[in-house]
Amino acid sequence: MAISDRENIPQKDSNPTKAKGGLEGIVAATTALSKVEGTAGRLIYQGYNIHDLARTTTFEEIAHLLWFGHLPNQQELANLHTRLAAERTIPNSVMQTIQALPPKTEPMDALRTAVSAWGATDITGKPTIDQAMALTARFPLFLAAFHRLRHGQELLESQPELGHAANYLYLLTGKTPKVEHVKGLNSYLVLLADHGMNASTFTARIVASTESDIASAVVAAIGALKGPLHGGAPSKVQDMLNEIGTVDKAEPWLRAEVKQGGRVMGFGHRVYKTEDPRAEELREMARVADPQGFVLARRVEELALAILEEAKPGRRLYTNVEFYSAALMGSVGLPGDLFTPTFAVSRCAGWTAHILEQANNNRLIRPEADYTGPMDRHFVALDKR
Ligand SMILES: CC(C)(COP(=O)(O)OP(=O)(O)OC[C@H]1O[C@@H](n2cnc3c(N)ncnc32)[C@H](O)[C@@H]1OP(=O)(O)O)[C@@H](O)C(=O)NCCC(=O)NCCS
């Protein structure tokens with residue numbers, strides 16, 4: 001068929017629908033893992049309200065809930081502890097990869113690289129729960145190894161009797177962590193473990209839907225989490241609070257930021273049209289963990305909400321999970337550039353649970369695009385252009 005004939009064929013509209021910016025409101029998957037109720041401000045993990053889990057469960061219980069569909073009994077929890085403790089090793093090839101990273105590497109990049117190197121250690125085939133546990137157990141090790149190496153410190157052996165949160169703090173600092181720090185970090189890990197079809201989880205499910213391996217799906221998820229509109233916000237919240245410095249400087253700083261169209265980190269959410277229930281929990285934890293720092297954070301929060309409302313009346317923005325995440329993680333002694341990687345330590349449980357859920361009832365995720373490029377162009381060969 002000649003080009004001119006083809007151009008005369010009426011164009012069939014293969015994209016009858018318009019794209020929805022940011023896929024807002026689009027239901028993209030079926031999941032039994034967690035439910036985000038944006039208007040009610042509720043977060044549910046497998047039927048349990050996050051407020052009932054936040055301060056009473058351990059990260060390991062939540063990982064069990066997400067992987068196996070029920071909260072563990074004591075024996076099941078003991079078995080999971082043993083299992084995760086047994087997985088606390090770094091394969092040689094992964095360690096060599098971490099050692100080869102320049103010390104100035106961003107910890108999120110180091111984590112993504114370490115998980116990718118782990119994926120090269122014969123992690124193939126359909127994702128399994130064993131792989132999910134192995135990877136979740138190793139996240140703190142990869143990060144702590146990188147963190148200590150970049151500061152020229154000796155690497156430490158995991159302590160089998162310590163839980164996930166405590167062992168992570170121990171591996172970073174070499175000190176027996178304070179009970180209140182372990183409690184604070186554990187609650188943070190519980191609160192952040194899963195959150196519906198957020199950007200990184202969706203990314204992980206897309207990769208899993210191609211029948212790729214678990215490591216590839218998690219590497220992609222880490223890449224998505226890193227961005228400031230998703231998991232990259234808490235260190236920016238800390239930077240903002242540090243820059244503001246004192247209560248009296250909060251108002252002029254925020255007014256200038258909003259006036260020049262900047263986004264105030266830690267506010268706004270795609271799904272929540274009221275306060276993020278995790279922010280409510282974290283606010284209280286931050287208040288207890290660091291009463292002095294809390295005074296500034298609380299004042300900045302109040303002013304930011306008022307100034308954002310004033311800038312555009314009726315467009316309600318609320319405090320999101322990242323605002324007090326920064327305060328809480330700072331109070332347990334984590335440096336700012338480990339905030340987002342620590343989010344990943346928690347979310348690894350959710351990602352891997354979603355990858356397993358996707359793999360066990362899979363259909364390739366392959367949406368369409370609303371094409372807005374030119375049509376009916378006349379092709380001219382290279383030597384004639
Ligand atoms: C989380 C976030 C990406 C959600 O974005 P979204 O659902 O795509 O909403 P939009 O980007 O369309 O924003 C809607 C409006 O609110 C404004 N807005 C949203 N969050 C804002 C913030 N934190 N500061 C100032 N303005 C904000 C946008 O500029 C936009 O204004 P417009 O209608 O005048 O154009 C967004 O609120 C944000 O960037 N927050 C700051 C970063 C952050 O805290 N990320 C962690 C998320 S848990």
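**Close-up views of a predicted model**

**View 1. Ala32 sits in the loop between helix H1 (3-7) and strand E1 (34-37).** The model is predicted: local features need pLDDT of at least 70, side-chain atom pairs count only at pLDDT 80 or more, and totals for chains, interfaces and linings use all residues. Residues are numbered from 1 along each chain as its sequence is written, and side-chain values use heavy atoms, with hydrogens and water left out. Helices (H or I, at least four residues) and strands (E, at least two) are DSSP runs, numbered from the N terminus. Leaving aside neighbours within four places in sequence, Ala32 is in contact with Gln46 and Glu357; contact means heavy atoms within 4.5 Å. Ala32 and Leu53 are 21 residues apart in sequence and 17 Å apart in space, C-alpha to C-alpha.

**View 2. The whole protein chain has 17 helices and three strands.** Its radius of gyration is 23 Å, close to the 21 Å that the globule rule gives for 385 residues, so the chain is as compact as a globular protein of that length. That radius is taken over C-alpha atoms, and the rule is 2.2 Å times the number of residues to the power 0.38. The C-alpha trace spans about 75 × 55 × 45 Å along its principal axes. Buried residues make up 48% of the 385 residues. Buried means under 20% relative accessible area, exposed over 50%, partly exposed in between (1.4 Å probe, protein chains only). Of the contacts with a separation of 6 or more, 76% join residues 24 or more positions apart.

**View 3. Helix H4 (residues 74-86) has one buried face.** Its 13 residues reach 18 Å from first C-alpha to last, close to the 18 Å expected at 1.5 Å a residue; the expected span is 1.5 Å times one less than the number of residues. Leu77, Leu80 and Leu84 are buried in H4. Seen down the axis, the buried residues fall within an arc of 60 degrees, so they line one face of the helix. The arc is that of the directions from the helix axis to the C-beta atoms. These residues pack against helix H3 (59-68) and helix H7 (129-150). The face turned away from the buried side carries the exposed residues Gln74, Gln75, Thr82 and Ala86. Asn73 caps the N-terminal end of H4, with a side-chain oxygen 3.1 Å from the backbone nitrogen of Gln75.

**View 4. Phe139 and Phe142 touch the most other members of the largest nonpolar core, which has 108 residues.** H7 gives the most to this core, with twelve residues. A nonpolar core is a set of buried Ala, Val, Leu, Ile, Met, Phe, Trp, Tyr and Cys residues joined through side-chain atoms within 4.5 Å. Not counting residues up to four places away in sequence, Phe142 touches Ile90, Val94, Ile98, Leu111, Ala114, Val115, Trp118 and Leu135.

**View 5. Ser209 lies in helix H10 (residues 199-209).** Ser209 is buried, with a relative accessible area of 2%. Apart from neighbours within four places in sequence, Ser209 contacts Gln358, Asn362, Arg363, Leu364 and Ile365.

**View 6. In helix H13, the buried residues are Ala250, Trp253, Leu254, Glu257 and Val258.** They cover an arc of only 120 degrees around the axis, which puts them on the same side of H13. Their cover includes helix H12 (233-244) and helix H15 (291-311). On the other side of H13, Asp248, Pro252 and Lys259 are exposed. Gly261 follows H13, and its phi is positive, near 80 degrees.

Terms used. A polar contact is a pair of N or O atoms within 3.5 Å; within protein, one must be able to donate a hydrogen and the other to accept it, and residues adjacent in sequence count only if both atoms are side-chain atoms.
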